[in-house]
Amino acid sequence: MSIVVTAATGQLGRLVVERLLARGVPAGDVLATARRPEALADLEAQGVRVAGLDYDDVDDEVLSSGDVLLLVSSSTPGIRVPQHENVIRAAARAGVARIVYTSAPAADDTDLVLAPEHAATERLLEESGLPYTFLRNGWYTENYQPAFEQARATGTVVASVGDGRVASAPRADFADAAAVVLSETGHENAVYELSGDHAWDFDELAAAFTDALGKPVSYERVSPERHLEILKDAGLDDGTAGFVVALDQNLAAGLLAVTTGDLARLIGRPTVPLAETVATW
Ligand SMILES: NC(=O)c1ccc[n+]([C@@H]2O[C@H](COP(=O)([O-])OP(=O)(O)OC[C@H]3O[C@@H](n4cnc5c(N)ncnc54)[C@H](OP(=O)(O)O)[C@@H]3O)[C@@H](O)[C@H]2O)c1
C-alpha cells in the first residue's frame, strides 16, 4: 500500500511529495509517478519509489490494492475528462482505497469557465464507487507571476476584473492540504473548498507589487472588449485571449473570492498572504 502521486514532475505534484516526506511519511511508502519518470531521479535518490503513469495510457501494473491516490488534474484542457477517466478506471481495477482529486471551486455549481471538466471528473469519481476526496483548489497566487513581470516592465497591472476579488493561496499551501488528506484518515467522501484566507482586490495586488518592486505600480481597469484588444495586440491568439478575458469576468463575478476557511483548517495554520508570496518573486 502506497501513497501515489500523479504528475509528480509538475509544480504541485512535486510539492505534495516533498510535503508528504516533511510530514514524516516514509519515502518508501510514497510512489511518485509521471509520464516522464526519468525526471524524478532526485526523488528516487531520496528513497521515493518512482514509476511511469501517463493519463493517456495507464499501465495496470502501477496501482495496487489499498493505495491512496492523488490524481492531479491534467494540464491539457479539452481532453482532461477522458484522461482522468483512464486513471479512475485503472484505480478501480486495482482496488485503490481512495482517490484524492484536485478540482475547482464549487465545481458542480458555478459558471467558472474551467469548471465543467472538473465537475465531470467529480461525477466519474462518485460513479466509480471508490472513496474519494475532492480538493476544490482555488487560485494559486503564482498565477500572478506573469502580471508581476509585466508590472516590473510597465508599472501597471491591466485587467478587466473591475472590483473583483481573488482568495488565492500559494501552491505550497494547496500541496500541504493534499499531503494532509493523503496521509490521514477521516477524509473519505469529503469535499473541501480550498482558498486563501483573504480575498484581495487588484488595488491590493498592485500595492503588493509596488512594495516588492520598490516602484509604483497601479491597477489599470479596462473593459472586457478593450482587454481582448490589448491581449491580441500582445500576440495572443483569439482563443487564448478570449479565455483570459472570460476568466477575468469570472473573477469580476466573485467566483474565486469565496473564503471558507477549509484550507487553513486542513493545514492547521493561516494561509500565506499575497504580499508575503509576492515578496519572494
Ligand atoms: N488552481 C490553479 O490556480 C491552477 C492553475 C494552473 C493549473 N491548475 C491545475 O492544477 C494542476 C497542477 O498544477 P501545476 O501548477 O502543478 O501544473 P504544472 O506545473 O503545469 O504540471 C502539470 C503536470 O501535469 C502533467 N501531465 C500533463 N499531461 C499528462 C499526462 N498525459 N499524463 C501524466 N501527467 C501529465 C505534467 O507532466 P509533464 O511534466 O510530463 O508535462 C505535469 O507534471 C494543473 O495540471 C491544472 O490542472 C490549477
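Analyst: Within strand E6, Tyr 132 is the bridge partner of Ile 99. The structure is a predicted model, in which local features need pLDDT of at least 70 and side-chain atom pairs count only at pLDDT 80 or more, while totals for chains, interfaces and linings use all residues. Residues are numbered from 1 along each chain as its sequence is written. Strands (E, at least two residues) and helices (H or I, at least four) are DSSP runs numbered from the N terminus.

E5 and E6 (residues 132-137) are paired in the parallel sense over five bridges; strands count as paired if DSSP finds at least two bridges between them. They belong to an open sheet of seven strands, in the order E3-E2-E1-E4-E5-E6-E9, with parallel pairing. Strands E3 (49-52) and E9 (190-194) stand at the edges with a single partner strand each, so one side of each is left without a neighbour in the sheet. From one strand to the next, the twist averages 20 degrees; angles run from 0 to 180 degrees between N-to-C directions, and axes are lines fitted to C-alpha atoms, for helices over the stretch in contact.

Two helices that pack on the sheet are H1 (residues 11-22), which touches E1, E2 and E4 and makes about 155 degrees with the direction of E1, and H4 (residues 115-128), which touches E5 and E6 and makes about 170 degrees with the direction of E5. Contact requires C-beta atoms, placed from the backbone, within 7 Å.

Strand E4 (residues 68-71) pairs with E5 (residues 98-103) in the parallel sense over four bridges, and Ile 99 in E5 is the bridge partner of Leu 69. E4 also runs parallel to E1 (residues 3-5), joined by three bridges, with Val 68 as the partner of Ile 3. In a regular strand, side chains alternate between the two faces of the sheet. Both faces of E4 are covered: Val 68 and Leu 70 on one side, and Leu 69 and Leu 71 on the other, are all buried, where buried denotes 20 or more other C-beta atoms within 10 Å of the residue's own, exposed 12 or fewer, and partly exposed in between.

Leaving aside neighbours within four places in sequence, Val 16 is in contact with Val 5, Leu 70, Ala 175, Ala 178 and Ala 179.
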